[in-house]
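Here is a short note for a colleague who is opening this structure for the first time. Please read the points with the model on screen.

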Amino acid sequence: MTPFTAKVINIIKQIPEGYVMSYGQIAKAAGSPRGARQVVRILHSMSQKHRLPWHRVVNIKGEIAIKDDEGQYTQRVLLEEEGVTFTNKGCVDLQSHRFDI
């Protein structure tokens with residue numbers, strides 16, 4: 001495992017219930033400001049193995065980035081169960097729920 005991957009996993013594990021981070025935020029905090037796509041790959045391939053709270057990661061606009069309807073629905077339900085609120089446009093209210101490390 002690369003040091004960047006280890007940092008990303010650690011950062012994602014730190015996101016508390018009721019909060020989200022963006023892929024870019026995580027990449028920057030892990031030392032690679034342009035590594036958002038790598039964060040996506042890490043989430044996709046390592047979420048189960050490392051028990052990552054994958055649902056707490058959204059895009060920079062607060063949108064759920066999963067393409068399929070079932071995945072979007074699941075992520076939204078998991079976030080709402082933690083108290084995360086969404087705007088009228090379906091984005092996470094980042095003013096209230098953005099987590100900064």
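How many aromatic pairs does the structure hold? The structure holds 1 aromatic pair. Rings of Phe, Tyr and Trp (its six-membered ring) pair if their centres lie within 6.5 Å; planes under 30 degrees apart count as stacked, over 60 as edge-to-face and the rest as tilted.

1. Basis of the note. This is a predicted model, where local features need pLDDT of at least 70, side-chain atom pairs count only at pLDDT 80 or more, and totals for chains, interfaces and linings use all residues. Residues are numbered from 1 along each chain as its sequence is written, and side-chain values use heavy atoms, with hydrogens and water left out.

2. The largest pocket. Its volume is about 390 Å³. A pocket here is an open set of points on a 1 Å grid over the protein atoms alone, where a 1.4 Å probe fits, with protein on both sides within 12 Å along at least five of seven lines. The volume is the space filled by probe spheres set on the points, which are joined across faces, edges and corners.

3. The pocket lining. Lining residues have an atom within 4 Å of a point. There are 15 of them, and the closest to the pocket centre are Tyr 23, Val 40, Leu 43, His 44 and Ile 66. Helix α3 (residues 36-50) gives the largest share, 7 residues. Helices are DSSP runs (H or I, at least four residues), as are strands (E, at least two), numbered from the N terminus. By class, the lining has 8 nonpolar, 5 polar and 2 charged residues. Ala, Val, Leu, Ile, Met, Phe, Trp, Tyr, Cys and Pro count as nonpolar; Asp, Glu, Lys and Arg are charged; the others, Gly among them, are polar.

4. Val 40. This residue is found in helix α3. Val 40 is partly exposed, because its relative accessibility is 38% and that class lies between buried (under 20%) and exposed (over 50%), with a 1.4 Å probe and protein chains only. Val 40 and Val 58 are 18 residues apart in sequence, and their C-alpha atoms are 9.9 Å apart.

5. Arg 51. Arg 51 is exposed, at 75% relative accessible area. Look at its phi: the value is positive, near 50°, in a residue other than glycine. Most residues other than glycine have a negative phi.

6. Arg 76 and Phe 86. Arg 76 lies over the face of Phe 86, at 4.0 Å from the ring centre. The test asks for NZ of Lys or CZ of Arg within 6 Å of the ring centre and within 35 degrees of the ring normal.

7. Ser 96 lies in helix α5 (residues 94-97) and is partly exposed at 41%. A polar contact of 3.1 Å joins its side chain to that of Asp 93. Val 92 sits in the loop between α4 (69-81) and α5, and is buried at 2%.

Technical notes:
Polar contact = N/O pair within 3.5 Å; in protein donor to acceptor, adjacent residues only side chain to side chain.
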